[in-house]
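Dear colleague,

I am handing over a structure for you to look at, and below it I have written out what was found. Please keep it open beside this message as you read.

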Amino acid sequence: MKYILDENEMLLEIEVKAKGVSDSLVDALISYRKKLNMTQQDVAEVTGIKRANIARIESKRHAITLESLIKYADSLNCDLHFELQERC
């Protein structure tokens with residue numbers, strides 16, 4: 001059963017989904033950074049992103065942009081892959 005949402009409810013639902021995706025990506029970046037024994041400072045030096053901003057991203061207090069996401073992944077020598085999955 002589908003419910004009709006007003007515009008504000010729809011925007012909130014989208015924001016919640018976006019936060020979940022962003023948080024999952026950040027968790028993966030942190031995990032891989034630690035696996036490589038890299039510090040936030042190491043990532044900052046490679047990406048050109050200030051260490052304080054890396055800390056904000058990792059604490060999820062600062063939304064990560066697509067550009068920063070790509071730079072961060074590059075600093076870990078990783079590629080990003082996105083896929084769409086059809087809902088059941």
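Before we come to single residues, one term is needed: a residue is called buried when its relative accessible area is under 20%, exposed when it is over 50%, and partly exposed in between, with a 1.4 Å probe and with protein chains only taken into account. By that rule I54 is buried, because its relative accessible area is 0%.

Two notes on the source belong here. This is a predicted model, in which local features need pLDDT of at least 70 and side-chain atom pairs count only at pLDDT 80 or more, while totals for chains, interfaces and linings use all residues. Residues are numbered from 1 along each chain as its sequence is written, and side-chain values use heavy atoms, with hydrogens and water left out.

The chain as a whole

The chain contains 4 helices and 0 strands, and its pattern along the sequence reads α-α-α-α; here helices (H or I, at least four residues) and strands (E, at least two) are DSSP runs, numbered from the N terminus. The radius of gyration, which is taken over C-alpha atoms, is 16 Å for this chain, whereas a compact globule of 88 residues would have a value near 12 Å, by a rule of 2.2 Å times the number of residues to the power 0.38. Along its principal axes, the C-alpha trace spans about 50 × 25 × 20 Å, and 26% of the 88 residues count as buried. If we take contact to mean heavy atoms within 4.5 Å, then, among contacts between residues at least 6 apart in sequence, 56% join residues at least 24 apart.

I54 and Q40

I54 has its place in helix α3, which covers residues 51–58. Leaving aside neighbours within four places in sequence, I54 is in contact with Q40, V43, A44, T47, I49 and Y72. The C-alpha atoms of I54 and S68 are separated by 9.3 Å, although the two residues are 14 residues apart along the chain.

Q40, one of the residues in contact with I54, is in helix α2 (residues 40–47). Is Q40 buried or exposed? Q40 counts as buried, because its relative accessibility is 19%. When residues up to four places away in sequence are not counted, Q40 touches R33, R51, I54, A55 and E58. With E58 there is also a polar contact of 2.7 Å between the side chains, where a polar contact is a pair of N or O atoms within 3.5 Å, and within protein one atom must be able to donate a hydrogen and the other to accept it, while residues adjacent in sequence count only if both atoms are side-chain atoms.

S75 is placed in helix α4 and counts as buried, because its relative accessibility is 11%. Not counting residues up to four places away in sequence, S75 touches M38, V43, V46 and T47.

Which residues other than glycine have a positive phi? One is N37, with a phi of about 55 degrees, and another is N77, with a phi near 60 degrees. N37 is found in the loop between α1 (7–35) and α2, and N77 lies in the segment after α4 (66–75). N37 counts as exposed because its relative accessibility is 68%, and N77 counts as exposed because its relative accessibility is 76%.
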